[in-house]
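Work through the exercises below with the structure in view. Each task is followed by a solution in steps.

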Amino acid sequence: MEFMLDSLNLDAIKTWKQFIPLAGVTSNPTITRMEGGKPFFQHIRQVRDLVGDSVPIHVQVIAQDYQGILADAARIRQECGLSTYIKVPTTKEGLAAIQSLKNDGYFVTATAIYTAIQGLLAIEAGADYLAPYFNRMENLDIDPEMVIHQLWQVIEREKKSCKIVAASFKNLAQVSRAIAAGAQAVTVSPDLLEAGLAHPSIAKAVDDFAKDWEATYQRTSLD
Ligand code: G3P
């Protein structure tokens with residue numbers, strides 16, 4: 001199982017890197033917009049400095065046509081390093097580009113997946129990760145668990161090395177459901193991670209343990 005951070009916020013990345021086994025940082029133009037238009041590649045290099053060399057960064061192309069996607073991928077790899085995952089929307093042009101990029105040794109994340117057929121074609125095109133958009137699928141009355149499970153079954157049956165990194169979560173139940181359905185990875189916003197650990201019952205349990213220890217031994221430490 002892999003947990004990635006769906007954010008380019010430097011403070012959030014610095015914080016969460018300390019607390020969780022961070023398996024990646026994912027971004028898209030909407031996520032980039034939240035950082036207020038700082039010079040893009042400089043910003044990605046700051047993310048790289050924060051996470052180190054072993055944590056993959058997923059950076060999305062802007063072009064929508066085949067040649068443009070290849071050119072964007074080359075630029076991203078040149079600016080951000082060989083280990084960068086190129087996020088390519090799973091369109092017709094995107095699928096063609098994914099095949100070329102894989103032939104050229106790129107790491108590729110097929111993104112904006114709403115339907116099983118997109119995922120199946122991306123698997124066959126050679127994508128390393130598939131990013132189904134869980135919440136957006138539910139908004140459209142598409143069953144994300146069924147799609148994720150179907151993709152997972154094909155990956156297992158065909159012994160593909162491709163992984164599913166489920167994305168677009170609006171609550172933690174969706175994250176759990178994506179993993180239960182077969183997603184090997186999830187990318188989650190810092191706010192959702194925070195919500196998962198900020199439940200008052202958790203703090204109360206920890207406080208109660210501390211009080212009981214102190215009441216028993218009249219000290220707050222083990223020895
Ligand atoms: O990683 C893709 C994801 O960021 C899309 O999420 O919240 O825009 O549906 P959202």
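**Exercise 1.** State how far apart Trp16 and Phe19 lie along their helix, and describe their ring pair.

Step 1. Trp16 and Phe19 both belong to helix α1 (residues 10-19); they are three residues apart, and therefore about one helical turn separates them. Helices (H or I, at least four residues) and strands (E, at least two) are DSSP runs, numbered from the N terminus. This is a predicted model, in which local features need pLDDT of at least 70 and side-chain atom pairs count only at pLDDT 80 or more, while totals for chains, interfaces and linings use all residues. Residues are numbered from 1 along each chain as its sequence is written, and side-chain values use heavy atoms, with hydrogens and water left out.

Step 2. Rings of Phe, Tyr and Trp (its six-membered ring) pair if their centres lie within 6.5 Å; planes under 30 degrees apart are stacked, over 60 edge-to-face, and the rest tilted. By this rule there are seven aromatic pairs. That of Trp16 and Phe19 is edge-to-face, with 6.2 Å from centre to centre and 80° between the planes.

Step 3. Relative accessible area under 20% means buried, over 50% exposed, and in between partly exposed (1.4 Å probe, protein chains only). Trp16 has 6% and is therefore buried, whereas Phe19 has 57% and is therefore exposed.

**Exercise 2.** Classify the ring pair of Trp213 and Tyr217.

Step 1. The ring centres of Trp213 and Tyr217 are 4.5 Å apart and the planes stand at 45°, so the pair is tilted.

Step 2. Trp213 and Tyr217 are four residues apart in helix α11 (residues 200-217), so about one helical turn separates them.

Step 3. Trp213 is partly exposed at 29% relative accessibility, and Tyr217 is partly exposed at 41%.

**Exercise 3.** Which residues are linked into a cluster by ring pairs?

Ring pairs join Tyr85, Phe107 and Tyr129 into a cluster.

**Exercise 4.** Is Ser100 buried or exposed, and which residues does Ser100 touch?

Step 1. Ser100 sits in helix α5 (residues 92-103).

Step 2. The relative accessibility of Ser100 is 16%, so Ser100 counts as buried.

Step 3. Leaving out residues up to four places away in sequence, Ser100 touches Tyr66 and Leu70; contact means heavy atoms within 4.5 Å.

**Exercise 5.** Which residues touch the most other members of the largest nonpolar core?

A nonpolar core is a set of buried Ala, Val, Leu, Ile, Met, Phe, Trp, Tyr and Cys residues joined through side-chain atoms within 4.5 Å. The largest has 58 residues, of which Leu130 and Phe169 touch the most other members.
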